[in-house]
Amino acid sequence: MVLDLNTSLREFPGVGPARAEKLARLGLETAGDLLEYYPRDYEDRRRSSTIRSAPEDAPVCIRAMVAQPPRLNRVRRGLELVKARAVDATGVLEITWFNQGYLQNAIREGEEYIFFGRAEGHGGRRRMTNPVVQREGEETVTGCILPVYPLTAGISNNLMVKLCRRAAEACADKLPETLPRRVRQEHQLAAVEYACRQAHFPDSFQTLEVARRRLVFEELFYLAVGLDLLRGRRTDRPGWRMEPCEVEEYQKLLPFPLTDSQRQVMEEIAGDMTGGRPMNRLVQGDVGSGKTAVAGYAAYLCAQNGGQTALMVPTELLAEQHFRSLSALLAPAGVRLALLTGSLRPAEKEKLHRTMAAGEVDLVVGTHALLSQGVSFPRLGLVVADEQHRFGVEQRALLAGKGSLDQAGPPPHVLVMSATPIPRTLALIVYGDLDVSAIRQLPPGRRPVETYLIGEDKRARMYNFVRKLAGEGRQVYIVCPAVEEGEGEGPPLKAATEYAGELQRKVFPDLTVGCVHGKMKPRDKEAVMTAFARGELQVLVSTTVIEVGVDVPNAALMVVENAERFGLSQLHQLRGRVGRGSHQSYCVLLTQNTSPDTLARLRVLTATTDGFRIAEEDLRLRGPGDFFGARQHGLPQLKVASLAGDVRLLREAQDAAREVLAEDPGLSRPEHRPVLERVKRLFAENPDIFN
Ligand code: ADP
Ligand code: MG
């Protein structure tokens with residue numbers, strides 16, 4: 001049978017309907033799918049030895065003859081042993097296999113096999129347990145670097161090796177080369193066929209590295225091209241060159257002295273906005289580092305120049321909070337502010353739309369409602385997106401388009417603010433076109449949040465602590481991972497609603513306990529949050545809906561149930577909800593989990609409050625997949641590249657992508673067609689970005 005890339009796996013020998021279905025669960029339906037299904041690891045099975053000279057501590061291949069018929073011994077139900085004795089010129093090898101009864105008949109006396117395993121004992125008498133066994137001339141699983149594939153129930157690694165080997169032999173040479181020749185030459189990348197063969201069945205770890213380099217580069221290259229297209233970057237477009245406005249002048253409006261870090265970031269922003277190119281800047285800063293004041297400065301500078309600012313935040317509550325604090329700062333200086341949220345009545349909304357369109361508003365704070373039809377800014381000079389990770393790249397672009405759609409003027413300046421410090425590598429991908437500033441300093445007088453990791457045995461003490469703080473007038477957050485009992489697997493999770501009821505009845509009858517979770521209607525949710533913000537609730541039980549920048553300075557304790565369920569960055573975010581006032585604040589992480597890895601991971605939080613360090617650690621431990629909801633960003637899943645490890649290659653790939661796009665922005669040249677196809681496939685979940 002002639003195989004090609006589209007041949008269904010059902011046509012492969014050894015693949016019946018049941019197996020085909022299991023393979024499909026791994027996303028494998030055709031020979032081509034197999035070729036792109038890369039091993040997750042490799043096992044070096046190349047080393048071979050005689051029985052006598054085999055090392056005791058590392059597995060090796062030993063060629064030996066079976067000297068007696070193998071014996072099967074049923075020790076008890078569920079435990080079968082097959083024992084065999086093999087010999088070579090140097091010694092004897094006693095072999096035991098557990099629960100592989102079929103080997104009794106598969107292994108024949110007087111024949112030679114290769115056994116791969118660790119030879120215990122020493123000298124000429126050795127033992128091996130559960131070695132891999134292979135007859136001469138059979139499908140090779142010894143004497144090579146064996147690929148180890150990600151598997152699923154019913155699909156063994158041996159089967160995968162067999163299928164991939166067959167696919168590679170039959171059609172690796174039919175893989176289309178999609179990387180432009182120039183890019184391959186310039187960056188010294190292996191050809192696709194070679195890379196594919198070596199990635200599955202490497203001749204050596206050197207050739208594997210060559211293959212991996214090509215595949216990682218390729219993946220990052222298409223990602224970079226896609227993101228560049230997505231952003232519709234036009235670096236050569238002129239921006240609105242604004243007149244400078246001294247930070248000192250803005251300082252006069254503030255009730256506190258700016259930190260050096262805030263000042264420095266403001267200078268960077270001023271440089272952008274007065275520089276003649278559109279600003280595209282990300283400001284990262286831990287919770288409480290004072291990003292709002294920084295955004296206020298940018299809006300102030302913009303207003304001084306007669307421009308309008310749109311500040312977009314993810315929730316109504318945040319919008320109100322920002323509106324209040326920015327009004328206090330800027331209204332006295334003559335800046336006209338407005339609040340635009342989805343809950344405005346239609347008449348109010350229409351009126352606001354009209355005043356905005358008439359240019360009678362300088363700064364609009366709002367939610368997604370800012371993106372809706374009918375909202376227009378005739379003199380949009382600045383777009384600020386706060387807590388950016390809740391917005392996709394497209395939304396940012398959409399908002400920025402609000403100005404330039406309505407007028408022929410320059411595109412607005414864009415400022416993105418994030419309280420999730422993002423490791424450098426990830427920022428390069430997600431915000432590849434942004435300049436990055438960091439506020440690494442907190443305003444003076446803040447005491448770091450004291451953080452404890454405790455087990456179930458200290459729950460009673462934790463409750464006492466809650467009561468003590470409440471007695472001192474403080475408020476407490478208790479965060480649970482799930483809403484309904486029995487949701488998910490693993491240990492019983494504290495379900496917010498039931499848990500809140502129980503706490504109120506049995507543990508804190510004397511305190512007021514509220515509850516908020518993601519499945520509530522936005523209006524109800526906001527009502528509870530507002531009550532908490534006003535101090536009407538002492539304990540707020542919640543799911544992670546409070547993660548995003550709510551400011552309740554009186555909250556001094558954050559308790560996280562089932563802490564092992566959360567990523568480090570997420571826990572750090574949660575912890576940032578407390579310690580915003582002048583009171584010493586605390587964070588208590590509860591877990592029933594006792595795995596050393598989990599505990600070590602959670603201990604990172606007790607050891608540092610530096611969000612950047614925590615983010616790096618999080619990325620290292622968990623990868624970028626669910627770092628902050630990659631899906632929300634429209635970021636495709638990467639197959640081979642690791643954003644934690646492949647920084648240099650990432651830069652190279654981004655440069656290459658930029659070069660190609662600079663020459664051929666629409667990728668319309670024949671040699672770039674395949675690039676466009678690949679990018680479209682990569683971003684298949686996001687098809688509208690290419691219109
Ligand atoms: P972020 O958005 O970065 O989490 P905010 O902008 O909400 O932080 O600021 C947190 C609190 O710190 C606010 O109450 C704000 O008024 C205050 N603040 C900001 N900058 C300073 C400063 N330089 N000195 C003292 N307090 C500050
Ligand atoms: Mg904020």
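Me: What distance separates a backbone N or O atom of Gly-290 from an oxygen atom of ligand 1?

Reply: Such a polar contact is a pair of N or O atoms within 3.5 Å. Here, the Gly-290 backbone atom lies 3.1 Å from the ligand oxygen. Please keep in mind that this is a predicted model, where local features need pLDDT of at least 70 and side-chain atom pairs pLDDT 80 or more, while totals for chains, interfaces and linings use all residues. Residues are numbered from 1 along each chain as its sequence is written, chains are lettered from A and ligands numbered from 1 in written order, and side-chain values use heavy atoms, without hydrogens and water.

Me: Which atoms of Ser-289 and Lys-291 lie by a ligand oxygen?

Reply: Ser-289 places a backbone N or O atom 3.4 Å from an oxygen of ligand 1. Lys-291 uses a polar side-chain atom, at 2.8 Å. The protein buries 77% of the 560 Å² that ligand 1 exposes when taken alone (Shrake-Rupley areas, 1.4 Å probe).

Me: How many residues surround ligand 1, and what classes do they belong to?

Reply: A residue is counted if one of its heavy atoms lies within 4 Å. There are 15, and the closest are Gln-262, Gly-288, Lys-291, Thr-292 and Arg-446. The shell divides into five nonpolar, six polar and four charged residues, with Tyr counted as nonpolar and Gly as polar.

Me: Why is H15 called roughly perpendicular to H16?

Reply: Two packed helices are described by the angle between their axes and the distance between the axes. Helix H15 (residues 459-471) packs on helix H16 (residues 496-507) at about 75 degrees, the axes being 13 Å apart. That angle makes H15 roughly perpendicular to H16 (the class covers 65 to 115 degrees).

Me: Which residues meet there?

Reply: Contact means heavy atoms within 4.5 Å. Arg-459, Tyr-463 and Arg-467 of H15 meet Tyr-499, Leu-503 and Val-507 of H16. By class, this contact has four nonpolar, no polar and two charged residues.

Me: Where does Leu-344 lie?

Reply: Leu-344 sits in the loop between strand S13 (337-340) and helix H12 (346-357). Beyond its neighbours within four places in sequence, Leu-344 is in contact with Leu-339, Lys-349 and Leu-352.

Key. Polar contact = N/O pair within 3.5 Å; in protein donor to acceptor, adjacent residues only side chain to side chain. Axes fitted to C-alpha atoms, helices over the stretch in contact; angles between N-to-C directions. Helix = DSSP H or I, 4+ residues; strand = E, 2+ residues; numbered from the N terminus. Parallel < 35°, antiparallel > 145°, perpendicular 65-115°, else oblique.
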